[in-house]
Amino acid sequence: MLWRNIWRKFVNYFMFSMTGLCALVTVGVLFFILGYLVWNGGSSLSWAFLTHLPTPVGESGGGMANAIVGSGKLLLLASAFGIPIGFLGGVYLAEFGGRAFPFVVRYTADLLNGVPSIVMGIFAWTIVVLPMKHFSTLAGGLALGVMMIPIAVRSTEEALRTVPLVLREGALALGASKWKTIATVVVPAARKGIVTGIILDIARVAGETAPLLFTAFSNRFWSPGWNQPTASLPVMVYTYAISPYDDWHKQAWAAGLVLLTLVLVANVAARLFVSGRTAH
Amino acid sequence: MATSDGGGAALAKQEIRPAQSLGGTVAADDVKMRVSGLDFYYGPKQTLFAVSLQVPTNRITALIGPSGCGKSTFLRTLNRMYETVPHARAEGEILLDNEDLLAMDPVTLRRRVGMVFQRPNPFPKSIFDNIAYGLRVNGSHGGAALREKVEKSLRRAALWEEVKDQLQKSAYALSGGQQQRLCIARALAVDPEVLLLDEPCSALDPIATAKIEELLFSLQDQCTLIIVTHNMQQAARVADFTGFFLLGKLIEYNKTEIVFKTPAQKETEDYITGRFG
């Protein structure tokens, strides 16, 4: 009897420690990466880094302003393309689907999610870069946009499914049509989950490098419009990190730090926005 | 109701025929809803069998019976809310003012036949927006008319005095009983001809329940009320007419007093006296 008690307490304590430890590791990894980036790249991070173009090989200094703007444009294009498709697809799955077709869509979305990002790059290269005969922001945005669809679909669907049936019934019972019910009650009730899912989606593709290598390519200068090759932060990190120059290595760390900071800021800002609108 | 044998004075002007067996005719004139031979299926499983009854205008009708007897399912055929369940279908005839309800457009129907659910289900919006919801989907664009209508609906649901200074607060800030009255006000805002209530007090404490019952009394001159309840005392307290369901069949339907005092069917008597349930 006594031994059983001790054993039970031990198992209890052991499992508590293990889960707690793993939770700590999860948080720790992020802070470790952040700290490492600051440690290595912090010294290269300056106002000039954020506002200047890269300098020619051999000259020190310079910045990555074009890559920051380039990444912004790529993400804007990808979002404009991937979010509406993913969102509406998710609404369909959660609200309108029967049995067979949603199963196929869901399965396909999961497969699409599993497609290696480099393959997504080849896809965009084939359908945009080849016909246009040059690299462009458009091609890169498309590649990232396609990558956004599956997560947007699934996270929207999941968020909508958490809305209790009684809310839908409440709206329907007042003579709201199905679409009206979805637009005015279900989606607003699931707003938090949907926005969070989409932020994570954007954050995920923000760091994608492989699909950009032969779609957006890179650029040492500004890339006006949507038709030219463009620099982007992940590709800059890649190019600078494999270069033989010490100075560039430091800049690669700094670029990584900027990328991570932008993602974190966007994340926090969107969460604040969502919670601010709910508490009314 | 059910004060004494003479408590049906208000009903005296109506022709009350003696209870017939299953699905007996109750009131001859002034029938709001006329259900005949209603069968209901969830996929291959039949859950209602040849239900026939007539719901009198501007009266409170209660539907009682043990869990799973089909009373809620029956209620949900009256505004076609069952259609949210895949493979559910109703067969038979339901007339709303002599119009075939099963052939109507469900959106139009639900504007005429409102519903209040078992658990309060306010939308995650402000109190004002909750009440205004039905008016807005019906095409109201705000302004003084909308505000007036919201106030009137809250007054009808006896909630105005409690919430008039906090209309912009979230409806979730209200207590359970207040939320349920909010849901009633929300349903009343679109001026339904019939209001269906699906065990509206089952999640509430006795004081909140008493308030809702009081409210139902005050509504019956403007609206036909049909309430599903598994609380027999509640049926006896509020309803003019009572129907008893068992295993998907309407066993007995008559004036509440008769159902409770001199039931015609053995099953009704057994249920009412607590021999099963």
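**Helix 5 of chain B and the A–B contact**

Let's start inside helix 5 of chain B, where B:Val150, B:Ser153 and B:Leu154 are buried (20 or more other C-beta atoms within 10 Å of a residue's own, with C-beta atoms placed from the backbone; exposed is 12 or fewer, and partly exposed is in between). Seen down the helix axis, the buried residues fall within an arc of 100 degrees, so they line one face of the helix; the arc is taken over the directions from the axis to the C-beta atoms. Residues three or four places apart point the same way because an α-helix has 3.6 residues a turn.

This is a predicted model, in which local features need pLDDT of at least 70 and side-chain atom pairs count only at pLDDT 80 or more, while totals for chains, interfaces and linings use all residues. Residues are numbered from 1 along each chain as its sequence is written, and chains are lettered from A and ligands numbered from 1 in the order in which they are written.

On the other side of helix 5 of chain B, B:Ala144, B:Ala145 and B:Glu148 are exposed. The cover over its buried residues includes helix 4 (127-137), helix 6 (160-163) and helix 7 (176-188) of chain B. After helix 5 of chain B comes B:Ala158, with a positive phi near 55 degrees.

Now for the meeting of the chains: 15 residues of chain A are in contact with 22 residues of chain B (C-beta atoms, placed from the backbone, within 7 Å). Helix 7 of chain A gives the largest share of chain A's side, six residues. (Helices are DSSP runs of H or I, at least four residues, numbered from the N terminus.)

Note on methods. Helices (H or I, at least four residues) and strands (E, at least two) are DSSP runs, numbered from the N terminus. Two residues are in contact if their C-beta atoms, placed from the backbone, lie within 7 Å.
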